[in-house]
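Take a look at the model below. We will go from its overall layout to its helix packing, then to its aromatic rings.

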Amino acid sequence: AIGVQIQTGDFRAGEHHKIVAQAVHFGEGKFHSHNRGLFQQIRLYYTSTMHPSVKAPHTAEPASSFLARNREIILLLAFAFILFFYRLGSYPLFDLDEPRYAEAAREMLESGNWITPHFNYELRFDKPVFFYWLVAFAYQWFGLSEFSARFFSAAMATLTLLAVYWFGKKLISKQYGFFSALILATSILFIGIARMSITDMT
């Protein structure tokens, strides 16, 4: 009877409050312990309907639900790993600029001078110092290698994909954002810059 009264809502808010509170109090005092679960459910229902600010206990989200909600992001990260990070340090530095940035960052780490870049121990003011800092940080974390020199270019390319996806999702739709980011990820020039130690991606 109590459950019917709660669901139908035949009573005004004040009377409803009083009757349910009395019923729950009576039930918990008189019924055996195996019936108390019923009254706990009644109290939870009552607080959630009469007091919306009181929320039900949080339950962990199933892993399958999390994967389903974020599958586009997971797919983009998988593409980014394959296209940008896979075998990133398997080939030597090439082009004119890659060795210069990589060596300038190494000399910065060697000298401890994080303000003035040097290349071949001569002053180098061709580019802002921020990219040299990034490469030097990567050297500290991963050691001196081609992978370290190119790490932040690949990382920034990955963040760019996620930013394109987010903007597309907010402005139009999730599908639009996903395919926009996917088109960018598979562009040859974008892949090439993401796998080089140059300032273009940052």
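Helices (H or I, at least four residues) and strands (E, at least two) are DSSP runs, numbered from the N terminus. From the N terminus on, the elements of the protein chain follow the order α-α-α-α-α-α-β-β-α-α-α-α. That comes to 10 helices and two strands.

Two notes on reading the model. It is predicted, so local features need pLDDT of at least 70 and side-chain atom pairs count only at pLDDT 80 or more, while totals for chains, interfaces and linings use all residues. Residues are numbered from 1 along each chain as its sequence is written, and side-chain values use heavy atoms, with hydrogens and water left out.

Now the chain as a whole. Of the 202 residues in the protein chain, 31% are buried. Buried means under 20% relative accessible area, exposed means over 50%, and partly exposed lies in between (1.4 Å probe, protein chains only). Contact means heavy atoms within 4.5 Å. Among contacts in the protein chain with a separation of 6 or more, 59% come from residues 24 or more positions apart.

Next, the helices. Two packed helices are described by the angle between their axes and the distance between the axes. Axes are lines fitted to C-alpha atoms, for helices over the stretch in contact, and angles run from 0 to 180 degrees between N-to-C directions. Angles under 35 degrees count as roughly parallel, over 145 as roughly antiparallel, 65 to 115 as roughly perpendicular and the rest as oblique.

How do helix 5 and helix 8 pack? Helix 5 (residues 71-85) and helix 8 (residues 146-171) have their axes 10 Å apart, at an angle of about 150°. That makes helix 5 roughly antiparallel to helix 8. In this contact, residues of helix 5 including L76, L77 and A80 meet residues of helix 8 including F151, A154 and T158.

Helix 5 also packs with helix 9 (residues 174-185), at an angle of about 0° and with the axes 11 Å apart. These two helices are therefore roughly parallel to each other.

What follows helix 5? The loop between helix 5 and helix 6 (97-111) holds R87. R87 has a positive phi, near 55°, though it is a residue other than glycine. With a relative accessible area of 52%, R87 is exposed. N120 also has a positive phi, about 55°, and is not a glycine. N120 lies in the loop between strand 1 (118-119) and strand 2 (122-123).

Last, the rings. Rings of Phe, Tyr and Trp (its six-membered ring) pair if their centres lie within 6.5 Å; planes under 30 degrees apart count as stacked, over 60 as edge-to-face and the rest as tilted. The whole structure has 15 aromatic pairs. In one, the rings of Y91 and F94 have centres 6.2 Å apart and planes at 50°, so the pair is tilted. The rings of F137 and W141 have centres 6.2 Å apart and planes at 15°, so this pair is stacked. Both F137 and W141 lie in helix 7 (residues 130-142), four residues apart, about one turn of the helix. F137 is partly exposed at 32% relative accessibility, while W141 is exposed at 54%. Ring pairs link F137 and W141 into a cluster with F85, W114, F142, F147, F151 and F152.
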